[in-house]
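Subject: Handover of a structure for your records

Dear colleague,

Please find the structure below, followed by an account of what was found in it.

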Amino acid sequence: MSVLDSKIPSGPLDKKWEKFKFESKLINPANKRKYEVIVVGSGLAGASAAATLGELGFKVKCFCYQDSPRRAHSIAAQGGINAAKNYQNDGDSVHRLFYDTIKGGDFRSREANVYRLAQVSTNIIDQCVAQGVPFAREYGGLLANRSFGGAQVSRTFYARGQTGQQLLLGAYSALNRQIAAGSVQMFPRTEMLDLVLVDGHAKGIIVRNMVTGAVSSHAADCVVLATGGYGNVFYLSTNAKGCNVTATYRAHRKGAYFANPCFTQIHPTCIPVSGDYQSKLTLMSESLRNDGRVWAPKTKGDKRPPQQIPESERDYFLERKYPSFGNLAPRDISSRSAKEACDDGRGVGESGLGVYLDFADSIKRLGEKTIRERYGNLFEMYEQITGEDAYKTPMRIFPAVHYTMGGLWVDYELQSNIPGLFVLGEANFSDHGANRLGASALMQGLADGYFVIPYTIGNYLAPQLGKRPSTDHPEFKKAEADTLAQIQRLLAIKGRRTVDSFHRELGLLMWDLCGMARSEKSLGRALSRIPSLREEFWQNVNVLGANEEINQALEKAGRVADFLEFGELMCLDALERRESCGGHFREEFQTPDGEALRDDQNFAHVAAWEYAGAGNRPVRHAEALNYENVHLSTRSYK
Amino acid sequence: MKHLNLKVKVWRQKNASAEGGLVEYEARNIPEDASFLEMLDILNEQLQEKGEPAIAFDHDCREGICGMCSLSINGIPHGPSATTTCQLYMRHFKDGETIFIEPFRARAFPVLRDLMVDRSAFDRIQQAGGYITARTGSAQDANAILIPKPAADKAMEAAACIGCGACVAACPNGSAMLFVGAKATHLNTLPQGQPERNQRTLAMVRKMDAEGFGNCSNHYECEAVCPANIPLTVISQLNRDFVKAAVSESVQ
């Protein structure tokens, strides 16, 4: 058996999950309370997993770095959540959602995982409504839907432009119920700094209390990571400021394979960067592309205000290039088209890095009131940030880093190659291939937490009864000492540059050399510059204060240290994947009209990287992707 | 782009038990398109370069939804425009202005360091009953319950609360009625929330009192500062629900 055994059940695609559930091991209710499970992260995946596992009777400890689990960055998701309910009677089905997701991911995800995701998508909506999530409704009281990119059906459920918030508050309320019941113990303002392996199994974590600085050990029968993505390796992204790669990267250093780290999603509709003081980028939901038309001037350097550019001199480039999907082309394609227009000198705004998202036609057709009802909060947010009124003048948008499809490698059970280490949500690599479709992140986070992990965790746990080590075990003591040593090392450098200055420099480098377009040349440059930046960091960073206090510079320093190693892994993966697919666009591999050119012969696989020690080149493993139910076609949205 | 030079007077306090005080700093060359928190970032970079520890403040999403940022700016929670601090932009300030920056002040929100406060009392109120019991996997089809649009909209309006605590900091009594009212209105308006309605209302209100939040005496400051536009009607709804629940409890 290869080390990358995906454990996909045999049998027809639509029966695999049923078969798996029947064949998986059960744990009797009296024994469940003898198990302890650690869940790191309290976003959609973490909170739903902790709540559901607690409800089943396991003793759960849940950790998050925020002051409350309700603040995890899932809360910021705007547009919606997909589900194959077919409530609109427009031809949707489990199979269509499955196919759209596989195709949207440019044929780089596992069939069986994606099919299961589409199957449980319908249960998620039922579950959330039962919890009181106030999804948008029609006047008759039925649930409303809208369309999202990469789909020709309306299968997206939403709660104003705040769907992530409402789904997370639902999961948070389920979590609260379990905290009150005593089955989940919550540790807010606590950051995981290491994974502890005992006899090769994940049996605990090392954490730092962010208020007192105390570093401590927690043992469990297994560890579940739901710690989100690594978009902040770019410094500027739509992620929250605290989002980081530390939990997954430190697990990687302990042996967990990192899969497809180069698959990052650049979202087409974000507010453009306005200056180098900027700390984050703000997304304007994809749902806006239902009613907004994307365009750039036809003439280079046209600096007239948008209203003065006549219709005949505008290039509605998505409608022109992709007539059947138009403004709802998938994210990777839309982002690249915007970049093309700007590279061509037709970008708008002060920086020239922007295109228009214009609502004038929709306002004329539907009235301002309807547009306000649909997107009012987004227009308000746009006005707060830019000072411009998008009812009167088109929004300016530009692509920005938004989501990471790569993550720790997991099998069908969502277990990594380390026994006992499970990885959920954005933190794993499993379902979105090389490009995620809009409104699918929320679906995956909740699918993993509510409906997958509760069934798959049993196979690992059942034979582990009574094997939980104590935190006195030497492996815990060693990991604790290593963690403290790294903290002291950071504090002792006392150099001349702030942590943020290193993070900005790394981010800019990653954006320029491993961003929307990559080449052998750019990646080679990145791979030579990152190690020297990392070296400078360890000699010249200035982290003031002590460990035994609230120290935000110290928290950031640990995360940036990991980004400085992880960035290199990302570039290496991008270099080795000699094809273009989804969000990974290698300039050398494109069709004559500039579309991504896949190489199914050599790259229809998952690249999973094994850590080989500091300073050594990580080892690349490949898990072949076998397509039995879909035909690998060239993705076309024309 | 215009740049501003400002004086900021910032509350510095080493930890929960230390004494704190206002310290004056110069914030120079602040772009007017920067957010308030980006102004603090710039100031923090300048402080750290001079060897002075950065000002600690809570923040995360920086797009107005996570509710982690706080700060009282010139005495107003989240500052002059009714948004979160992270969505407040420096173009709202004048060159040469002096700005007072303090943590949210309330008995139930102890200061942890500088501008950071402990709002975990909010979590404990919700743990007391701010949920609908819906065991995972037991739900019926989502369209089996018809919810009239007005009810769904009313629930959504209340559910938009981001849990930042500005309502408490703005209230002279340190009351959390807007926050608890929002949660109760959200769940008590929906058909799914009816079975536990009384129990939920009583449990949350009692926990709110036990956590040291004050009473509502109709100052309406909470509504004025709320970045999520939670309407005051949630408080009257909470009062009605509480009375009904208390009566029903005493009858039983």
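Leaving aside its neighbours within four places in sequence, A:Leu225 is in contact with A:Val40, A:Gly41, A:Ala247, A:Thr248, A:Ala251, A:Leu408, A:Leu421, A:Val423 and A:Ala427; two residues are in contact if their C-beta atoms, placed from the backbone, lie within 7 Å. The model is predicted, so that local features need pLDDT of at least 70 and side-chain atom pairs count only at pLDDT 80 or more, while totals for chains, interfaces and linings use all residues. Residues are numbered from 1 along each chain as its sequence is written, and chains are lettered from A and ligands numbered from 1 in the order in which they are written.

A residue is buried if 20 or more other C-beta atoms lie within 10 Å of its own.

Between the chains, 63 residues of chain A are in contact with 69 residues of chain B. On the chain A side, α3 (44-56), α5 (111-131), α6 (163-181), α11 (368-386) and α16 (552-576) each supply at least two residues, and the largest share, 9 residues, comes from α6(A). By class, this side has 24 nonpolar, 26 polar and 13 charged residues (Ala, Val, Leu, Ile, Met, Phe, Trp, Tyr, Cys and Pro count as nonpolar, Asp, Glu, Lys and Arg as charged, and the others, Gly among them, as polar).

Chain A is assigned domain 1 (36-266 + 403-464), domain 2 (268-400) and domain 3 (474-612), with bounds from an automatic or database domain assignment. The C-alpha centres of domains 2 and 3 of chain A lie 31 Å apart, and 6 residues of domain 2 are in contact with 5 residues of domain 3. Helix α9 (residues 331-343) of chain A provides the largest share of the domain 2 side, 5 residues.

Finally, helix α4 (residues 94-104) of chain A is largely enclosed by the rest of the structure, because 8 of its 11 residues are buried. These buried residues, including A:Phe98 and A:Ile102, pack against β3 (81-82) and α5 of chain A.

Yours sincerely

How values were computed: Helices (H or I, at least four residues) and strands (E, at least two) are DSSP runs, numbered from the N terminus. A residue is buried if 20 or more other C-beta atoms lie within 10 Å of its own, exposed if 12 or fewer, and partly exposed in between; C-beta atoms are placed from the backbone.
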